[in-house]
Every structure is written in C-alpha cells, then in structure tokens.
Amino acid sequence: VSDTALTRLGSDLAVTISTNLDGVGTLHTVDAMMLLMRARKLDAPVARATAQSLARELGARSVLTGELIREGDRVRASVTLYPVSGDSATARATAIAPASDIEALTDSLTWGLLRQVWQHGTPPSPVLAGLSTSSFDALRAFLDGERHYQQLDITPALADYRRAIEHDSNFVQAYLRLE
C-alpha cells in the first residue's frame, strides 16, 4: 500500500494474529517474523498463489491473506484463510477500528476466524462453545489451563485459570474450573 502507516500496521497484525492463533487447540503458526522477512523479497502485494506456494514451502497447511483499507480515521482490515492447495476460503473476517487500536483489530479478526474454523470442526476444549469472554489473553490462559488439566498437571492448570480470571474477571468458565 502507498500509506506506510498501513504497511507497518499490516506487519504488526501479521505478528499479533499469528501469536493469537498459535497454540489454540491444534493450531500452529509459522514464525511471523521469518515469514515477513521472506515476504519482503516478493513483489507487493503478494499474490495469493505466491503466498500459498510459500506456505507449502514452510510446511503450512493454510495461508492467511489480508488487506488494509483506510476509511477516514479508521482502518478496515480483512483477512481470508485458504488451504495451501485450493481456492475456496476456509474462513474470512473483517474488522474496522482506528489504525492505532491494533488490539481491537487483532482480537476481532482472530475471533472471527476462529468462529468460522470451529464451525468446520471441534473446538479445542469441550466448553469453548459456551465461552463467555471477549479477551483473547483470557482465552489463551484458559486453554493453557485445559492442556495442563488434561495432563493432570493440576498446579499449573490452576495458575492458568487464575491468570484467565485476571484478564477477564467475568470469565465464568475459568471460575468453574477453579472449583
């Protein structure tokens, strides 16, 4: 894009969305910084076929493409998740927020993607269908607790559930796990 502020925001969103998605259930992401360094050598904007080829090279099964459009003092961020070997989108999400509010953009896009991905499969926790938090940090802590709990590592699981509550004091599922 010609707006350098949006170029920086795009890179920042690549890192934050990747961080949010990595480790949720069975999802794992390619290191965002390494990917951004490789993408710098490509013509911008990167064509989807090129992105899919790079994703295959890196051992990924899916590729997330995105677009940023300035709308006055706000930015519209749109992302689409594709399998590396197909043209049909697995999930799409759009968020509109001030360009300075990367947290709102990241959380909205991440939640939008996860909701659609989970429609095609099972959420990574038996209680995710009824989650009542909009805090991704709380969700990540809760899921860490779920993994520890499943391995019968009770002390770290309880610490993770407490951490989830610190991020969202209204997160009922985390409270229920502490009982």
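**A tour from surface to core**

Begin by selecting Ile-154, which is partly exposed with a relative accessible area of 41% (buried means under 20% relative accessible area, exposed over 50%, partly exposed in between, with a 1.4 Å probe and protein chains only). This is a predicted model, in which local features need pLDDT of at least 70 and side-chain atom pairs count only at pLDDT 80 or more, while totals for chains, interfaces and linings use all residues. Residues are numbered from 1 along each chain as its sequence is written, and side-chain values use heavy atoms, with hydrogens and water left out.

Ile-154 belongs to helix H6, residues 154-167 (helices are DSSP runs of H or I with at least four residues, strands runs of E with at least two, numbered from the N terminus).

Next, select Leu-105, which is one of the residues touching the most other members of the largest nonpolar core, a set of 33 residues (a nonpolar core joins buried Ala, Val, Leu, Ile, Met, Phe, Trp, Tyr and Cys residues through side-chain atoms within 4.5 Å). Among the elements that each supply at least two residues of this core are helix H1 (4-21), strand E2 (74-83) and helix H4 (102-119). Leaving aside neighbours within four places in sequence, Leu-105 is in contact with residues including Leu-9, Leu-13, Val-75 and Pro-98 (contact means heavy atoms within 4.5 Å).

Now colour H4, whose buried residues include Leu-105, Asp-107, Trp-111 and Trp-118.

Finally, move to Gln-52 in helix H3, residues 48-57, where Gln-52 is buried with a relative accessible area of 6%. Apart from neighbours within four places in sequence, Gln-52 is in contact with Val-63, Tyr-82, Pro-83, Val-84 and Gly-86.
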